[in-house]
Amino acid sequence: MKETNIVALEIGSSKIKGAVGVIDSSGAITVKAVEEESHQDWVRYGIVSNVEEVAVLAANLLERLEQRVSPLVVEGVYVAMGGRSFRSDSREAERMLPEETEINADIIDQLMGETSATVFNNRELLDIVPREYIVDKTRVTKPIGTFGRNIRMLSNVITCRPQIKKNLCRLFNEKLGLNINGFIVRQTAQAEFVLTTEEMRLGCMLVDCGAETTTVSIYKNGALQYLSTIPMGSRNITRDLTALNFIEEQAEDIKQRMGNANNGVKSDVASAPGINITSVQQYVSARAGEIIANIKEQIKYAGLKAADLPSGIILVGRGARLRGFSERLSTSTGMKVRTGNSACLDLRLADSRIAVGDSVDVISTLYYAAKHSPLECLSTVYEPEPPVVRQEPEKPVVKEEPKQPVQPEPEKVKEVVAEPEHKKTVSGGVIPGTPKSQGGNFFRTIGEKIRGMLSEEDDYDEVLRDDMD
C-alpha cells in the first residue's frame, strides 16, 4: 500500500486547529504535526462569520504545517464540522423483496437513498448513521450476507444549517484555493476515536464541551442513538466574569486559574489583588451548573435513563477542563465520568510534544478520514527547469598584425602645355621662340645633341649624292 498524506482542519469558536499525518503500508496512522491559531468572534456557534479574517489565520496555520513536511505542500484538506444547528433525526426506510433474497450492498444503498430523500429543504444533509437493521423481524448489526424478504433500516440523519457548509466552501475553495476532500462530522469522528467498542455496545454518553456549544452524543447497542447540541459553552462562563469589570482576556485567565464548578468547595488558589474570588466562584459555579443541567436532560430527551448507559460519560473538549466540572457532572447525573483520550492502537505520534488530549477534535478528524476515505492531501511542487542554452564552439582567435599607417600620395602637378609656335629645324639649333622642354637642362642638352647628329647625317647624305653625280 502506498503511503497517503492526510491533512485535517477544525475551525472552532475560539481556535483553528490543523494536523497532518501519514498512513503507512500497514494502515497505521502517524501524526506528524499539529498547529493551532487563536481568534476572537470570527466563528460563532460553528458558522464562519468573517471569511476573510479566518482565511488569513488558516493560511498562517497551513504554512507552518507545510514547513514540517517540506518540500510537500497542501492541496486538499478534510474539514471537521460542528455547531449549534447540528442535530440528528430518526428515520426509517423499508424494502419488500419479491422472494427470499440475499441482502447486498445495492439494497443498503437503496435504503440510504430513500432516507436522504426525507431531509427537509432548509437543512444540509451531512451523514446518515444506521442505528439498526431488521431482516424478517430479526435484529442484525451487519445485514449484508443475510437472507430475507423484508428489511428495515432505522437510522439517525445528521443535518445542519446550509450556511455552515457554504461559508466553509468559500473559505477553502475561493480564499485559500484548496480542495475539500471531505466534510466530517466532528462528534462522529470523536466517538470512533475515544470510545471503546464495549462502551458503545453497553451504552455511554460522549460530551464535547466547546467554547460556545456543548454537544451530546448517546451510543447504545454499538450505534449512535441520539445527538444534540446545546448552545452554551465555556465562553459563557468567561463572559459572565466580565461583569466584574474585566476584559474578556483577563476573565478567561481568571476562570482557568481560579474558577471552580463546585461553589461549595474551598478554592486552593490564592486571591490576586483586585479580584474577589468569592464573586468569581459564584459566577463560574452558576453557569457551570446550568450547562450540567442541560447535559443531564439530554438523557431524557433520548428516551433513556442513566441506568441505560452503564459505561457512563466520556468528556472531551477544553471546556471540560474547568476545575470541579467532571466531579459535579458525576454527582448530578449519578454516572461515572472519565476524560476521553485515544482508544486507537494504530495511532502513532511523530513528535513527543503532541498532546492527544489537547487536540482530540482535529486528531480524531484526521484519524476518521484516514480510516474511511483516505485521499492524498499533499503534493510536490516542481520548479520549472531553466531552458538549455546551446553554445556554439569557440572559433580560433586570429591575431591580426597591426596596420601600418597609409602615407598620403603626393599630389601630381598638372603639366601646362603652351600653345606651339611655328618652328623651323636648322642645323645645330632651335628656332628662336620655341618653348623649352619641362624636363630640365639635362634632357634639353640631350635633345639638342640628337638633333645636331641628325642634321649632320642629312648633310653627309647630300654630299654623297653630289659625288655620285
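Which residues have the most contacts inside the largest nonpolar core? They are Ile11, Phe172, Phe193, Leu195 and Ile363, and the core they sit in has 68 residues. A nonpolar core here is a set of buried Ala, Val, Leu, Ile, Met, Phe, Trp, Tyr and Cys residues joined through side-chain atoms within 4.5 Å. Helix 10 (residues 360-372) gives this core its largest share, eight residues. Helices (H or I, at least four residues) and strands (E, at least two) are DSSP runs, numbered from the N terminus.

Before going on, keep in mind that you're looking at a predicted model, where local features need pLDDT of at least 70 and side-chain atom pairs count only at pLDDT 80 or more, while totals for chains, interfaces and linings use all residues. Residues are numbered from 1 along each chain as its sequence is written, and side-chain values use heavy atoms, with hydrogens and water left out.

Back to Ile363. Skipping its neighbours within four places in sequence, Ile363 is in contact (heavy atoms within 4.5 Å) with Val31, Val34, Phe193, Leu347, Ile354 and Val356. There's also a second, separate core of 32 residues, and Ile218, Tyr226, Ile277 and Leu309 are among its members.

Now for the charged side chains. The structure holds 31 salt bridges, each one a side-chain nitrogen of Lys or Arg within 4 Å of a carboxyl oxygen of Asp or Glu. Take Glu35 and Arg64, whose closest N and O atoms are 3.1 Å apart. This pair ties together distant parts of the chain: Glu35 belongs to strand 3 (residues 29-38) and Arg64 to helix 1 (residues 51-68), 29 residues apart. Glu35 is buried at 18% relative accessible area, whereas Arg64 is partly exposed at 25%; buried means under 20%, exposed over 50%, and partly exposed in between (1.4 Å probe, protein chains only). Both residues also belong to a network of salt bridges that links Glu35, Glu37, Arg64, Arg68, Asp351 and Arg353.

Another salt bridge joins Glu92 and Arg152, with 2.8 Å between the closest N and O atoms.

Last stop: Glu248 and Arg235, which meet in a salt bridge at 3.8 Å, N to O. Glu248 lies in helix 7 (residues 248-258) and Arg235 in helix 6 (residues 234-241), 13 residues apart. Arg235 counts as buried, at 6% relative accessibility.
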